[in-house]
Amino acid sequence: MEMMSSNLLLYFSLTLCLLFVFSNATDIHYCDKSADYNVEVKGVEISPNPVARGQPATFSIAATTGQALSGGKLVIDVSFFGWHIHSETHDLCGETSCPVSVGDFVIFHSQVLPGYAPPGSYSLKMKLYDGNKHELTCINFGFDIGFGSGSSVADI
């Protein structure tokens with residue numbers, strides 16, 4: 001009987017963990033559904049979610065590649081209710097360890113969103129280019145900015 005209750009407790013705990021993971025999953029969409037991208041994005045985690053104004057936020061992008069990458073660029077475009085509001089470009093090697101070997105890797109992008117950013121729903125488009133400016137992937141996903149402290153005026 002004790003073994004059965006331990007198994008039931010374990011099952012219940014695992015179920016709650018899975019529900020938590022899936023409830024925090026961010027829906028991603030490829031920019032071109034018919035494209036054969038060299039980098040496949042498996043998922044995006046945003047922490048905290050919703051993002052707090054003026055507080056650090058981390059975007060973790062799990063991906064896999066069929067080719068080794070010695071470098072490249074990450075281009076990010078942000079829109080608010082369909083209006084383009086911000087663009088930035090980052091060196092891939094500043095966002096993940098280079099060289100990127102064939103297989104799975106994670107891009108970590110952290111920043112403080114401005115304290116004056118209005119709360120609401122935003123969309124982010126991320127393009128990844130190799131060192132020869134060949135587009136490796138392009139995804140879109142949404143995120144929300146909540147009512148954080150709003151005390152910082154740091155740039156996006």
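Reader: Over how many bridges do strand E3 and E6 pair in this predicted model?
Author: The model is predicted. Strands of a sheet pair through backbone hydrogen bonds, either parallel or antiparallel. Strand E3, residues 56-65, and E6 pair in the antiparallel sense, and the number of bridges is 10.

Reader: Which residue in E6 is the bridge partner of Thr65?
Author: Strand E6 covers 103-112, and E3 covers residues 56-65. The bridge partner of Thr65 in E6 is Gly103.

Reader: What is the order of the strands in the open sheet?
Author: The sheet has three strands with antiparallel pairing. Strand E2 (39-47) and strand E6 each pair on one side only, as edge strands. Neighbouring strands are turned by 20 degrees against each other on average, direction ignored. The order is E2-E3-E6.

Reader: With which side chain does the side chain of Thr64 make a polar contact?
Author: Thr64 sits in strand E3 and is buried, at a relative accessible area of 17%. A polar atom of its side chain lies 3.2 Å from the backbone oxygen of Gly103. The side chain of Thr64 also makes a polar contact, at 3.1 Å, with the side chain of Asp104.

Reader: Which residues is Thr64 in contact with, leaving aside neighbours within four places in sequence?
Author: Thr64 has a relative accessible area of 17%, under the 20% cut-off, so the residue counts as buried. Leaving aside those neighbours, the contacts of Thr64 are Asn38, Val39, Glu40, Lys42, Gly103, Asp104 and Phe105.

Reader: Is Leu128 buried or exposed?
Author: Leu128 is found in strand E7, residues 120-130. Not counting residues up to four places away in sequence, Leu128 touches several residues, among them Val39, Leu92, Phe105, Ile107 and Leu136. With a relative accessible area of 0%, Leu128 is buried.

Reader: What separates the C-alpha atoms of Leu128 and His90?
Author: Leu128 belongs to strand E7. Leu128 and His90 are 38 residues apart along the chain, and their C-alpha atoms are separated by 9.7 Å.

Reader: How many disulfides does the count come to?
Author: A disulfide is a covalent bond between the sulfur atoms of two cysteines. One joins Cys31 to Cys138, with S to S at 1.9 Å. Cys93 and Cys98 form another, their sulfur atoms 2.1 Å apart. The count comes to two.

Reader: How many residues apart in sequence are the parts that Cys31 and Cys138 tie together?
Author: The link of Cys31 and Cys138 is left-handed, with -70 degrees about the S-S bond. Cys31 lies in the loop between strand E1 (28-30) and E2, and Cys138 lies in strand E8 (residues 135-145), so the pair ties together parts that are apart in sequence by 107 residues.

Reader: Which relative accessible area makes Cys138 buried?
Author: Cys31, the partner of Cys138 in the disulfide, is partly exposed at 33%. Buried means under 20%. Cys138 is therefore buried, with a relative accessible area of 2%.

Reader: What is the pairing when the bonded cysteines of the protein chain are numbered in sequence order?
Author: Cys31 is joined to Cys138, and Cys93 to Cys98. The link of Cys93 and Cys98 is left-handed, with -95 degrees about the S-S bond. Cys93 is partly exposed at 29%, and Cys98 is partly exposed at 30%. The pairing is 1-4, 2-3.

Reader: What is the angle between the planes of Phe80 and Tyr122?
Author: A pair of aromatic rings is described by the distance of the centres and the angle of the planes. The structure holds six aromatic pairs. Phe80 and Tyr122 form a tilted one, 4.5 Å centre to centre, with an angle between the planes of 35 degrees.

Reader: Why do Phe80 and Tyr122 tie together parts apart in sequence?
Author: Phe80 is buried at 17%, and Tyr122 is buried at 6%. Phe80 lies in strand E4 (residues 72-80) and Tyr122 in strand E7, so the parts tied together are apart in sequence by 42 residues.

Reader: Which residues form the one aromatic cluster?
Author: The rings of Tyr122 and Phe143 have centres 5.5 Å apart and planes at 15 degrees, so this pair is stacked. Tyr122 in strand E7 and Phe143 in strand E8 are 21 residues apart, and both are buried. The cluster is formed by Phe59, Phe80, Phe81, Tyr122, Phe141 and Phe143.

Technical notes: Residues numbered from 1 in each chain as written. Predicted model: local features only at pLDDT ≥ 70, side-chain atom pairs only at ≥ 80, totals over all residues. Heavy atoms only, no water. Pairing = 2+ DSSP bridges. Helix = DSSP H or I, 4+ residues; strand = E, 2+ residues; numbered from the N terminus. Axes fitted to C-alpha atoms, helices over the stretch in contact; angles between N-to-C directions. Disulfide = S-S within 2.5 Å. Buried < 20%, exposed > 50% of the residue type's maximum accessible area, 1.4 Å probe, protein only. Contact = heavy atoms within 4.5 Å. Phe/Tyr/Trp six-rings, centres within 6.5 Å; stacked < 30°, edge-to-face > 60°. Polar contact = N/O pair within 3.5 Å; in protein donor to acceptor, adjacent residues only side chain to side chain.
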